[in-house]
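Subject: Structure handover

Hello,

Please find the structure below.

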Amino acid sequence: MFEARLDQAVLLKKLLEAMKDLVNDANFECSPSALSLQAMDTSHVALVAMQLRSDGFAHFRCDRNLSMGMNLNNMSKCLKCAANDDIITLKAEDTGDSLTFLFESANQERHSDFELKLMDIDSEQLGIPDTEYSATVKMPSGEFQRIAKDLGTIGDTVLMSVTKDGIKFSSSGDIGSANITVRQNTNVKDQEDATVIDLQEPVSLSFALKYINSFAKATPLSPQVILRLSKDLPLVVEYRIQDMGHLSFYLAPKVDDEDEMGEE
Amino acid sequence: MFEARLDQAVLLKKLLEAMKDLVNDANFECSPSALSLQAMDTSHVALVAMQLRSDGFAHFRCDRNLSMGMNLNNMSKCLKCAANDDIITLKAEDTGDSLTFLFESANQERHSDFELKLMDIDSEQLGIPDTEYSATVKMPSGEFQRIAKDLGTIGDTVLMSVTKDGIKFSSSGDIGSANITVRQNTNVKDQEDATVIDLQEPVSLSFALKYINSFAKATPLSPQVILRLSKDLPLVVEYRIQDMGHLSFYLAPKVDDEDEMGEE
Amino acid sequence: MFEARLDQAVLLKKLLEAMKDLVNDANFECSPSALSLQAMDTSHVALVAMQLRSDGFAHFRCDRNLSMGMNLNNMSKCLKCAANDDIITLKAEDTGDSLTFLFESANQERHSDFELKLMDIDSEQLGIPDTEYSATVKMPSGEFQRIAKDLGTIGDTVLMSVTKDGIKFSSSGDIGSANITVRQNTNVKDQEDATVIDLQEPVSLSFALKYINSFAKATPLSPQVILRLSKDLPLVVEYRIQDMGHLSFYLAPKVDDEDEMGEE
């Protein structure tokens, strides 16, 4: 059987909010070491990969590997019924066709159980090679979300250009053009406000803003976001989940033809 | 003539918000002892009954019984023009065709009057027998509202089961099933947080969640809600209005056939 | 060249929010003494006039008079990308076809530039004669906005009647009628809460509530609004911008025929 307990339902709630608009159905893979998920978005352009390590849970038991197909929208509906500080327990039989969510209020006065039906979902796990990237940028996730939203009012494509001094986000469209530059900055009181750039070589790549804005829905998961860029490799947008794992998004660059910018 | 004065407009504002989605038009009955209203909802399934005793008003004068037909939506529009802490006075002539609302701001700098046209509405007062119920549950109204909303995302029908230990709300639908249990709990710092169960015999009844969710719009009126249940009797959902009266809703149970659950 | 710098982007943001729903396209006129704008609303009924004096800017340079045609909606989109406390600089070449907005965050870590395309807009500047008005009312702008909104739920037309004691706003419609009176009041702790009436002779004029409600979108610009009324002259609704200028709206009275009220 599978049983996993988290002291704060809010983490799972945020995870589902971050994934449900990109992915309809996906298999949650349970193993003794982790609860994980890998899925292409509905338009088969972006890849979502999530991992929560078993040692991050208050309690975790997984007798044998399980693949649980879930509709993320339904799972999100169910999780909305949990208060943020409810204790949450996931339970499934090895051969069952449902996953049970148990919510207990902190004061023990209310307890709820929701049984969601499992689905059969065809999926293949893609191997994600462990690569060294030309540029790695760690920056405040709220700032990243805001820039994606702001540029989304100007154009469809964002050009990300990383130098050792900073990262520049550019877009253009019918009404004009915009450039937003965030400078490397480690001299901050709170590490969450730092912008740190690790550069092998300068890189400049274009991406569809629509997906960047979807990824940014994971902002509540972490105060910082990590961007990894290399020419001819998908961009990685990674949100670390404290002491437990991460939620990462992968998106292939657009052909970097200046003429194309803002026309998509 | 009829004249009634309340020191806080907010009470009437909340009352109208609680009723206006269920009932379009209704007669407000004025007598020397109370201002009251009784009406079926627009689909003729649920009954709404409101009573404000005259001694709860700052001033109350009713020379002879009056029946004032009002469109609740228009009355709500008018009340939205009052600030929460405005002093509010209702005025009507015995033979007039309008009701005047007078709003005075606490600092006396602004005063407004709104004259609403009265309507002729056919209605019959139903006698509501004073019955003893199998189960009476007093619980935090916010908790009740939340449970109704949560289960509304799962199914159409809620099964309420009361035992001496607590009340269980269950629902099921296409995506799965849910049970939420609230335990009896009188050991609380604030009496508003208590859940108290008065049980003659265990009872288990099904109701349409759509109506339960409409009733729960009265939540701002009172920190507690009282549920009264008996086999073959309508459920009573009662919100007490401090020192003045109550707003109550009545809803007949659904035929308690398990096969039907979630299919309506 | 033209270059103007404001220490707080929020002022320009509020200005655009106040104008963009009334006016689609308009020319910003730059001169060494001021940045100003005058435009009829899209239905050619109301006039909008804005002036920001050059000495109110942190920095202001205007080598020769410039007329910059802008789509206010696009300009608003661009300004939404500035944080409220960003330092904002406007830049344009004398012969260029674009206006550049430069936003710098207070901590200097983020800087953005937006280049908006200019448009050719035909416009004629109307001379607004400096008149003495029968009545001038200075009152809290929030109160004015609230009254316009409240009466908008009752009717289409507001009758403003000023006497030495106060200003009365009246409206009527299908559901009834309403009168809201604000009394002259100078005995206040905070001057922003005062209502001051300067009266040459009592005046009573009717206006379309739709426009009054549009003007009231300028409320965030100033805690007080100034109304100027004279028989046969357009109403002036003026919001003063501290130490810099003003945003004013002009609206012709409706023919003051009581029969017409609430029918428009």
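Helices here are DSSP runs of H or I of at least four residues, numbered from the N terminus. An axis is a line fitted to C-alpha atoms, for a helix over the stretch in contact, and angles run from 0 to 180 degrees between N-to-C directions.

This is a predicted model, in which local features need pLDDT of at least 70 and side-chain atom pairs count only at pLDDT 80 or more, while totals for chains, interfaces and linings use all residues. Residues are numbered from 1 along each chain as its sequence is written, chains are lettered from A and ligands numbered from 1 in the order in which they are written, and side-chain values use heavy atoms, with hydrogens and water left out.

Helix pair in chain A

Helix H1 of chain A covers residues 10–19 and helix H2 of chain A covers residues 72–80; their axes come within 9 Å and cross at roughly 145°. Contact means heavy atoms within 4.5 Å. On the H1(A) side the contact residues are A:Leu12, A:Lys13, A:Leu16, A:Glu17 and A:Met19, and they meet A:Leu72, A:Met75, A:Ser76, A:Leu79 and A:Lys80 of H2(A). By class, the residues of this contact are 6 nonpolar, 1 polar and 3 charged (nonpolar: Ala, Val, Leu, Ile, Met, Phe, Trp, Tyr, Cys and Pro; charged: Asp, Glu, Lys and Arg; polar: the others, Gly among them).

Of the 10 residues in H1(A), 7 are buried, that is, under 20% relative accessible area (1.4 Å probe, protein chains only). Among them are A:Leu12, A:Leu16 and A:Met19.

Chain A with chain B

Chain A gives 16 residues to this contact and chain B gives 18 residues. The buried area is about 1,500 Å², with 43% from carbon and sulfur atoms; buried area is the accessible area (1.4 Å probe) that two parts lose on being put together, summed over both. A:Glu109, A:Arg110 and A:His111 supply 35% of the area that chain A buries against chain B. The rule finds 1 salt bridge across this interface, a salt bridge being a side-chain nitrogen of Lys or Arg within 4 Å of a carboxyl oxygen of Asp or Glu. A:Arg110 pairs with B:Glu143, the closest N and O atoms being 2.6 Å apart.

Chain C with chain A

Here 16 residues come from chain C and 19 residues from chain A. About 1,600 Å² is buried between them, 44% of it on carbon and sulfur atoms. C:Glu109, C:Arg110 and C:His111 together account for 35% of what the chain C side buries. The salt bridge joins C:Arg110 to A:Glu143 (2.6 Å, N to O).

Regards

Methods: Helix = DSSP H or I, 4+ residues; strand = E, 2+ residues; numbered from the N terminus. Buried < 20%, exposed > 50% of the residue type's maximum accessible area, 1.4 Å probe, protein only.
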